[in-house]
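Let's take a walk through this model, one stop at a time. Have the sequence and the 3D view at hand.

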Amino acid sequence: MRQPAELLDLRRMSARVGRNIELVQGAGGNSSLKQDDVLWVKASGTWLADADADAKDIFVPVLLPAARDALAADDERIPLAAPGHLRASIETALHALLPHRVVLHVHAVNTIAWAARRDARDDFAARLDGLAWRHLDYFHPGLPLARAVSAVVARERIDVLILGNHGLVVGAESCDEAEALVHDVERRLALPVRPAPPADEAALRRLCDGTAYRPPHDAASHGIATDPFSRAIATGGSLYPDHVVFLGPGLPTIEDAGGLATLLARADANRLPAPVAALAPGLGAIIRSDASPGAEAMLSCLALVTSRLPLSADIGYLSSQHEQLLLNWDAERYRQQLTASRG
């Protein structure tokens with residue numbers, strides 16, 4: 001299928017946004033462009049950061065009527081308008097529903113920090129005044145979220161959607177306008193970052209020696225373990241979907257060298273996989289040596305989000321039911337497989 005000239009603008013904008021870890025982490029987020037009856041949308045499991053790579057074509061065409069019909073029929077399988085080996089984004093129905101020519105969905109860390117709180121409604125109203133915005137409670141990604149968005153856009157035109165425990169969606173008539181709107185919302189929602197004590201690198205190396213674990217590549221990830229408040233948030237539950245998908249529900253802690261062995265023995269006894277990551281209080285974070293680039297990115301994201309949550313925040317976590325839906329979702333298993341193979 002012939003690609004529209006505007007798709008080059010989408011690729012360039014998506015790559016810029018995708019390379020900003022405060023807006024997108026790993027395979028998270030997606031973008032789209034409408035041209036007549038065709039929706040060009042990011043493929044599931046691909047990285048926005050790769051959007052302008054010559055060797056990678058991460059956008060797939062979907063017929064808009066087919067996407068809307070699939071939503072009406074509660075069918076997550078949205079056929080492509082041209083044959084290919086990739087699947088359309090999990091959030092394709094959401095992109096199809098919004099009337100804007102360009103739609104951009106990001107996991108912006110300031111927005112997530114607000115969207116994970118139960119006490120943020122008044123702050124949203126003050127900070128986003130003047131924008132056409134709405135806040136939605138958490139809905140499972142895909143069709144449940146698309147149905148909730150459909151109910152909103154049927155009543156009024158919305159340019160900014162704050163998704164509870166999830167992220168940010170904006171719509172605009174051009175790529176530049178969509179990108180500018182994301183930055184405007186993040187500027188309005190900006191939160192101070194709580195500094196964390198440095199990691200004890202030597203102690204972490206000793207802890208990991210002879211195990212299937214290592215320190216993460218991003219030194220900032222250690223703040224989740226060295227800052228007591230960030231650690232309490234991270235171990236209290238799951239803040240957003242990608243936290244669950246790539247790191248598992250919550251994060252376990254290990255108190256000493258023997259604690260890691262105990263943690264692994266407990267997982268083995270319960271026939272569970274070894275935790276993707278764990279926190280050593282006061283020392284830093286560790287991650288499995290075979291962790292995917294997506295898991296590394298999500299650990300960085302968790303550090304960025306928890307360090308922005310104030311001590312007074314009333315935090316709302318995903319329920320155990322929501323966690324299990326994400327862990328047992330075929331669409332997320334597919335996305336994890338593609339993420340594991342990147343780079």
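Start at alanine 72, which counts as exposed because its relative accessibility is 68%. Here buried means under 20% relative accessible area, exposed over 50%, and partly exposed in between, with a 1.4 Å probe and protein chains only. Alanine 72 lies in helix 2; helices (H or I, at least four residues) and strands (E, at least two) are DSSP runs, numbered from the N terminus. Its C-alpha atom is 9.9 Å from that of alanine 93, which is 21 residues away along the chain.

A quick word on ground rules. This is a predicted model, where local features need pLDDT of at least 70 and side-chain atom pairs count only at pLDDT 80 or more, while totals for chains, interfaces and linings use all residues. Residues are numbered from 1 along each chain as its sequence is written, and side-chain values use heavy atoms, with hydrogens and water left out.

Helix 2 (64-72) also takes us to the second largest pocket: helix 2, helix 3 and helix 15 (330-341) each supply at least two residues of its lining. On a 1 Å grid over the protein atoms alone, a pocket is an open set of points where a 1.4 Å probe fits, with protein on both sides within 12 Å along at least five of seven lines; a cavity is a set the probe cannot get out of, and lining residues have an atom within 4 Å of a point. This pocket has a volume of about 370 Å³, a volume being the space filled by probe spheres set on the points, which are joined across faces, edges and corners. Its lining has 23 residues, and Glu76, Arg77, Ile78, Arg87 and Ala88 are the ones nearest its centre. Sorted by class, the lining holds 14 nonpolar, four polar and five charged residues. Ala, Val, Leu, Ile, Met, Phe, Trp, Tyr, Cys and Pro count as nonpolar, Asp, Glu, Lys and Arg as charged, and the others, Gly among them, as polar.

Is histidine 100 buried or exposed? It counts as buried, because its relative accessibility is 1%. Its side chain makes a 2.8 Å polar contact with the side chain of aspartate 159. (A polar contact is a pair of N or O atoms within 3.5 Å; within protein, one must be able to donate a hydrogen and the other to accept it, and residues adjacent in sequence count only if both atoms are side-chain atoms.) Beyond its neighbours within four places in sequence, histidine 100 is in contact (heavy atoms within 4.5 Å) with residues including Lys34, Arg157 and Glu173.

Next comes an open sheet of three strands, in the order 8-10-9, with antiparallel pairing. Strand 8 (213-214) and strand 9 (277-280) are at the edges with a single partner strand each, so one side of each has no neighbour in the sheet. Strands pair if DSSP finds at least two bridges between them; two join strand 8 to strand 10 (residues 284-288). Tyrosine 213, for instance, has arginine 288 of strand 10 as its bridge partner.

Last, look at arginine 271, in the loop between helix 12 (257-269) and strand 9. Its phi is near 55°, a positive value in a residue other than glycine. Arginine 271 counts as exposed, at 79% relative accessibility.
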